[in-house]
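I opened this model to look up its charge pairs, its aromatic contacts, its surface patches and a few backbone angles. My entries follow in the order in which I looked.

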Amino acid sequence: MVQYNFKKITKVPTGKDFVDIVLSRTQRQTPTVVHKGYAINRIRQFYMRKVKFTQTNFHEKLSTIIEDFPRLDDIHPFYGDLLHVLYNKDHYKLALGQINTARNLIGKIAKDYVKLLKYGDSLYRCKALKVAALGRMCTVTKRIGPSLAYLDQIRQHMARLPSIDPNTRTILICGYPNVGKSSFINKITRADVDVQPYAFTTKSLFVGHTDYKYLRYQVIDTPGILDRPFEDRNIIEMCSITALAHLRAAVLFFLDISGSCGYTIAQQSALFHSIKSLFMNKPLIIVCNKTDLQSLAGISDDDKKLVEEMRSEALKTLIGQGGEPREGAEVLLTMSTLTEEGVIAVKNAACERLLDQRVEIKMKSKKINECLNRFHVAVPKPRDQKERPVCIPQSVLEAKAKEAAAKESKKLERDLEEENGGAGVYSASLKKHYLLADDEWKEDNMPEILDGHNVYDFVDPDILQRLEELEKEEGLLQEVGDGDEEMDVEDLTPQQHKELAEIRKKKSLLIREHRIKKSTAESRPIVPRKFDKDKRFTSERMGRQLSSLGLDPSKAIERARSKSRGRKRERSSNGDMDVDDDGSNKKMRARSLSRLGSRSRSRPPTDVLVPGEGFRDSAQKIKAHKLAKNSVFKRNKDAKKGEGDRVIPNLKPKHLYSGKRSNGKTTRR
């Protein structure tokens, strides 16, 4: 079985893209460094390799284009004529011929320049010959640009053609526009052809598939045909004519007997007689559609006569197949795609007629003679006149009777629904199939759920009695506890009473502080010491804690106080020195004072030199800060980068923007 898959044809680039692809590949896959100090043979080989490599690339790509496109003389006549109707085979062959000529010319150019390069006497001359060779190849390729563009358009259109197998079992639907052809193919196949109430909705061939007797049939929906001369028919109609002429298929000629398509039965009959030569040697069935609007018996006598003439012509095709014209032959059928009445009968009749014809043709072929001697069909013959009826054991009959009784006795939910008022009235019980110890429990009310807990788990009939017992027990425990505490307190001395009160007070404070800390530990910010309003962290407290540990706190307190006084003296001395500074220092001081509102006082401005920092002057400090900021800029930028940031790693790929190029434009290679 021949399969034509036009979707695998390689994309055809434009002339400019073709040149860019080949030259870029040459640049990437051949050496790029040569010096005038090399031996002349090495220089010649260098440039000869480039010319040969470029010619090979052109040859491979042009050969791929020529081989991928089908040859009209080698494919099935149906596809050959279809391509001729759609694209004009003369233009198609001319475009492929120009591609072939360009391929030969490029081969000759490469051959001539390789000969000349063998006698190149310097680096400059060899390079000039290489440039001339590649330039002539590119010129030839650019001249076939229109042919390449034309072939790419054909490739795109051919990829959209339906995959039709000309040799398989086929049912062909034809007739005037808007007679119900697309509706019929949608009914019997899984195809989804657009159906609209106007003519020429279908503008190309559509294919669907259906099954009959475990065999696959392809159903082809053709565009509508008008009754006019062959020369006046357009491309849409010629697609249908091509399919009728070349495909070996069962033909269904659709006839709209209601006239709602806009054409009378006389016009449709004239079309039938004008194309009946295309029906020869094909099973033909005339289908009278739209019987829901007009029955076949209700048409006029003249129309009946025309339909009868078409039926007689269809019977001739039956005789041509070797059949006998019999009364009631299935060559005229009625149906309605709207009500689906007779749709399956039409499909079965067409498949049966086509199957009979294919079997008959195979029986007449020479191959059948080689196979018949291998088959023997045994036909049983009666040995005597005694009747032998079918014997079925009694046990089997009883088992079948039991199965039938069980099926009758078992009621389905649908039967119960019909008995109890139908849908919307009857509500099926979901509890009847519960597996419980007692069937009476199935319809019991289920305990309710509240806050995720089963209410029944918390129901206790003796709850009041148990509550009284718990209250009595709690009262006894409280009495015992109060008596013990009073006895303990009475035995204590006044000093012990005072200490006990302090202990309880301290314990309650600790518990309260712990609860406050626990409740606000996560949301409480860390407060610096200088904002300690309660003055809990003072030098006096530090002295007391150190004294309790047995350490001398005087030096630590003196050191803390001296440091705090030193900071104050520095600020005051700086303020006194500002009076004697020159104008530049005053400006600097004013600038630094303006930033004090937004900068911590413990960190000096970047443009103020602080003794001990290691800088020579303020300019050197500013420069150092700028260098530090620039050094961490890229790292900080990468740290803020997210998944949605677009990154172009390299705007200029090296293989395209480096190599043996001089200064200037790089648009022309």
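**Salt bridges**

I took as a salt bridge any side-chain nitrogen of Lys or Arg within 4 Å of a carboxyl oxygen of Asp or Glu. By this rule I get a count of 16 salt bridges. The model is a predicted one, in which local features need pLDDT of at least 70 and side-chain atom pairs count only at pLDDT 80 or more, while totals for chains, interfaces and linings use all residues. Residues are numbered from 1 along each chain as its sequence is written, and side-chain values use heavy atoms, with hydrogens and water left out.

For location I used helices (H or I, at least four residues) and strands (E, at least two), which are DSSP runs numbered from the N terminus. For exposure I used relative accessible area, with buried meaning under 20%, exposed over 50% and partly exposed in between (1.4 Å probe, protein chains only).

I looked up E340, which forms a salt bridge with K187, the closest N and O atoms being 3.2 Å apart. This pair links distant parts of the chain, since E340 is in the loop between β6 (332-334) and α11 (343-364) and K187 is in helix α7 (residues 181-188), 153 residues apart. K187 is partly exposed, with a relative accessible area of 39%.

I then turned to K276 and E313, whose salt bridge has its closest N and O atoms 3.6 Å apart. Here too distant parts of the chain are linked, with K276 in the loop between α9 and β5 and E313 in helix α10 (residues 301-320), 37 residues apart. At 32% relative accessibility K276 counts as partly exposed, whereas E313, with a relative accessible area of 17%, is buried.

The next pair I noted is K432 with E413, a salt bridge whose closest N and O atoms are 2.8 Å apart. K432 lies in the loop between α14 (413-419) and β7 (449-450) and E413 in helix α14, 19 residues apart, and the pair links distant parts of the chain. K432 is partly exposed at 30% relative accessibility, and E413 is partly exposed with a relative accessible area of 33%.

I also recorded that R228, R233 and E237 are linked in a network of salt bridges.

**Aromatic pairs**

I paired rings of Phe, Tyr and Trp (its six-membered ring) if their centres lie within 6.5 Å, with planes under 30 degrees apart counted as stacked, over 60 as edge-to-face and the rest as tilted. The structure holds 11 aromatic pairs. Because F253 lies in strand β4 (residues 250-256) and F272 in helix α9 (residues 265-274), the pair ties together parts that are 19 residues apart in sequence. Both F253 and F272 are buried.

F253 also forms an edge-to-face aromatic pair with F279, at 6.3 Å centre to centre and with 65 degrees between the planes. F279 is in the loop between α9 and β5 (284-289) and F253 in strand β4, so this pair ties together parts that are 26 residues apart in sequence. I find F253 buried at a relative accessible area of 1%, and F279 is likewise buried with a relative accessible area of 1%.

Elsewhere I noted that F6, F78 and Y79 form one aromatic cluster.

**Surface patches**

Patches are made of residues with over 30% relative accessible area and no salt bridge, like charges being joined within 9 Å and nonpolar side chains (Val, Leu, Ile, Met, Phe, Trp, Tyr) within 5 Å. Accessible areas come from the Shrake-Rupley method with a 1.4 Å probe. I found a nonpolar patch on the surface formed by V390, I392, V396 and L397, with about 350 Å² of accessible area together. Of its members I looked up V396, which is found in helix α13 (residues 394-409) and is partly exposed, with a relative accessible area of 32%.

**Backbone angles**

Most residues other than glycine have a negative phi. Against that background I recorded N88, which has a positive phi of about 70 degrees although it is not a glycine. N88 lies in the loop between α3 (77-87) and α4, and is partly exposed, with a relative accessible area of 27%. I also recorded K213, not a glycine either, with a positive phi of about 55 degrees. K213 has its place in the loop between β2 (206-212) and β3 (215-221), and counts as partly exposed at 48% relative accessibility.
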